[in-house]
Amino acid sequence: MTTPQITLFAIFGAVMVLMIWGRWRHDLVAFAGLMAGVLTGVVPATEAFSGFGHPATMVVALVLVATAGLVRSGAVALLTKFLSRPQWPVTLHIAVMGAVGTLLSGFMNNIAALAILMPTDMQVARKAGRATALTLMPLAFTTILGGMLTLIGTPPNLLVSGFREDVMGEPFRMFDFLPVGGAVAAAGLAFVALIGWRLIPNRATEHPAGDAEAKVRDYMAALVVPDDNAVIGKMVADLDEAADKADLSILAVHRGKARLPGLTRAIVLEPGDMLVVEAAPAALDEFRSDLRLAFPDGHGDSIPRAGGDGESLVECVVPERARVVGHTARGLRLSSEYNTVLMGIQRRGRTIRQNLRHVRIEPGDILLLLIPNDRAEEVIAALGCLPLDGARLTVTKESRMWLAVGMFIAAVAATTMGWVTMPIALGCVVVGYVLFKILSPDEIYTNIDWPVIVLLGAMIPLGLAMDTTGGSALLASGLVAITQGYPAWVALVLLMLATMTLSDVLNNNATTILAAPVGIRLAQQLDVNPDAFLMGVAVSASCAFLTPIGHQNNTLILGPGGYRFGDYWRMGLPLEIVVMAVSVPMLLIVWPL
């Protein structure tokens with residue numbers, strides 16, 4: 001080995017050890033590795049930051065923003081609102097939720113796909129009286145599998161496409177991953193739905209709800225029936241299905257300033273009626289978006305609030321000496337001065353049920369406020385309140401749903417037809433989302449996972465250095481020597497096993513950057529088609545099912561599912577065997593050596 005190769009292997013070794021150790025953030029470890037590579041001369045100073053301008057890095061950032069636009073517009077909620085069926089058996093529930101998660105993660109970031117579906121899955125588990133652990137891990141695994149379907153489904157696909165373009169002059173196309181990835185995802189979904197969930201330890205299934213559910217707070221709030229709404233002329237009883245899906249209770253109906261007498265469920269709704277409901281913030285917005293109801297504007301009891309450029313439901317706590325203590329919402333002039341509506345109050349763990357405009361706020365109260373996005377920090381600071389960590393929900397803009405979906409589909413179609421590259425197509429989508437106010441300019445930046453961007457930007461130059469210094473060729477030669485005299489597919493299997501094992505303890509992006517150059521060199525030394533090896537790296541780098549640290553989806557479910565570190569391999573190990581058994585023959589058929 002040459003001195004640059006030894007230096008580079010040492011840097012990669014240190015980076016991997018530190019990432020597995022987990023004491024420091026992955027992005028900082030990767031950036032430190034890049035700086036070490038520049039200082040030791042294995043990465044040219046002129047190429048030090050080339051990873052931040054790499055197409056794969058840009059696509060990952062733009063996919064996250066496009067995903068946020070689809071969520072914000074209500075497009076994803078439309079797909080998932082039909083999934084709340086507590087009466088379904090576990091196998092059917094996992095099959096349906098897993099299929100939706102697989103399809104979603106094929107076209108958006110698979111972490112976002114899980115984040116969207118996880119609350120629905122937990123809600124159904126609660127209604128069915130079963131442990132969330134039975135279904136959360138299958139859902140997480142199927143959303144990981146779904147990323148294999150398309151070019152934009154998961155970062156490893158984008159990275160191997162970039163390596164292919166560097167070597168062969170042309171990247172993979174949008175649906176080149178579908179034949180192999182689709183077969184793997186279908187087999188994986190069938191396994192987790194029929195067998196996999198039964199392998200989850202009984203101890204993990206003894207906790208029906210994780211800590212996340214315990215933090216959900218219900219509020220008594222009001223929603224207005226706008227003119228020309230579809231619920232006009234219907235009885236309140238007709239809204240029961242939508243209320244049950246959102247896990248919301250309808251308490252009363254107000255017309256004008258008076259509560260309508262009689263049985264609430266028999267009342268026929270009219271324009272301007274106010275539905276008094278009790279729900280958590282997410283359920284409140286889900287129910288409102290589903291039925292196209294409106295929030296009150298805070299000035300009049302039956303006046304619907306006009307949708308602005310963007311609003312959020314924010315939960316905040318009232319400190320002892322806050323400005324709002326002793327005042328009412330009307331006295332504070334929340335609507336006129338701050339364009340803010342007090343939607344609900346919780347006091348010492350109970351829901352305040354009086355007319356909120358006349359309730360005097362006390363220290364320790366938790367307020368649910370509807371605030372314009374661009375004024376949220378200003379309003380909370382002016383009131384002297386403290387926002388609760390993670391208790392901010394961006395309100396759905398359902399009126400722009402089909403516009404958001406149309407732009408995204410147009411971008412996918414343009415890329416598939418070869419008219420523009422994926423970064424350009426997604427860039428146009430992001431611009432469109434801002435122009436049509438689906439997302440605000442600030443939300444463009446807040447929805448990008450910057451640690452992932454730094455990780456990619458730092459690791460890509462190191463991965464390229466692995467190739468330019470001859471390190472990847474050296475590793476490939478070692479694999480060739482081990483498989484000497486055997487068919488080329490044996491080398492492919494060994495490469496995939498090594499990549500899959502590494503991905504279980506190391507970030508899948510870093511794993512791909514390490515393995516892809518080795519796969520290319522290995523194919524060149526065996527004088528076979530490198531496409532099968534690159535596709536094999538993409539598949540195996542995405543299969544991190546043995547630990548909670550191999551993929552962020554595994555980490556997300558750790559607390560809510562009540563899992564332990566050692567619970568994942570019980571379903572994950574046989575799933576990885578299924579992936580290998582399906583993917584290797586498919587690779588040899590679709591991408592013959």
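**Reading a predicted model, feature by feature**

User: Where is the place of Asp527?

Analyst: Asp527 sits in the loop between helix 22 (508-526) and helix 23 (530-542). Helices are DSSP runs of H or I with at least four residues, strands are runs of E with at least two, and both are numbered from the N terminus. The backbone of Asp527 has a positive phi of about 60 degrees, although this residue is not a glycine.

User: What is the phi of Asp228?

Analyst: Phi of Asp228 is positive too, near 65 degrees, and again the residue is not glycine. Asp228 belongs to the loop between strand 1 (219-224) and helix 11 (240-246). With 79% relative accessibility, Asp228 counts as exposed.

User: Does Thr142 count as buried or exposed?

Analyst: Thr142 counts as buried, at 1% relative accessibility. Thr142 lies in helix 7 (residues 133-146). Setting aside residues up to four places away in sequence, Thr142 touches Gly98, Thr102, Ser105, Leu189 and Val192; contact means heavy atoms within 4.5 Å. Pro560 is a buried loop residue: its relative accessible area is 12%, and its loop lies between helix 24 (552-556) and helix 25. The C-alpha atoms of Pro560 and Met118 are separated by 9.4 Å, though the two are 442 residues apart along the chain.

User: How many residues has the largest nonpolar core?

Analyst: The general idea first: in soluble globular proteins, nonpolar side chains tend to be buried together. A nonpolar core is a set of buried Ala, Val, Leu, Ile, Met, Phe, Trp, Tyr and Cys residues joined through side-chain atoms within 4.5 Å. The largest one in this model has 126 residues, and Tyr433, Met459 and Ile557 have the most contacts inside it. Helix 19 (residues 450-468) gives this core its largest share, 10 residues. Met459 is in contact with Phe12, Val15, Ala30, Ala510 and Ile513, leaving aside neighbours within four places in sequence. A second, separate core has 32 residues, including Leu269 and Val395.

User: At what angle do helix 21 and helix 25 pack?

Analyst: Two packed helices are described by the angle between their axes and the distance between the axes. Helix 21 (residues 488-503) and helix 25 (residues 568-590) pack at about 145 degrees, with axes 11 Å apart. The axes are lines fitted to C-alpha atoms over the stretch in contact, and angles run from 0 to 180 degrees between N-to-C directions. Among the residues making the contact are Trp489 and Met496 of helix 21 and Val579 and Leu587 of helix 25.

User: What order do the strands of the open sheet have?

Analyst: Strands of a sheet pair through backbone hydrogen bonds, either parallel or antiparallel. This open sheet of 4 strands has the order 1-4-2-3, with antiparallel pairing; two strands pair if DSSP finds at least two bridges between them. Strand 1 and strand 4 (residues 274-279) are joined by 6 bridges, and Ala222 stands opposite Val276 in strand 4. The edge strands, strand 1 and strand 3 (258-259), each pair on one side only.

Methods. Residues numbered from 1 in each chain as written. Predicted model: local features only at pLDDT ≥ 70, side-chain atom pairs only at ≥ 80, totals over all residues. Heavy atoms only, no water. Buried < 20%, exposed > 50% of the residue type's maximum accessible area, 1.4 Å probe, protein only.
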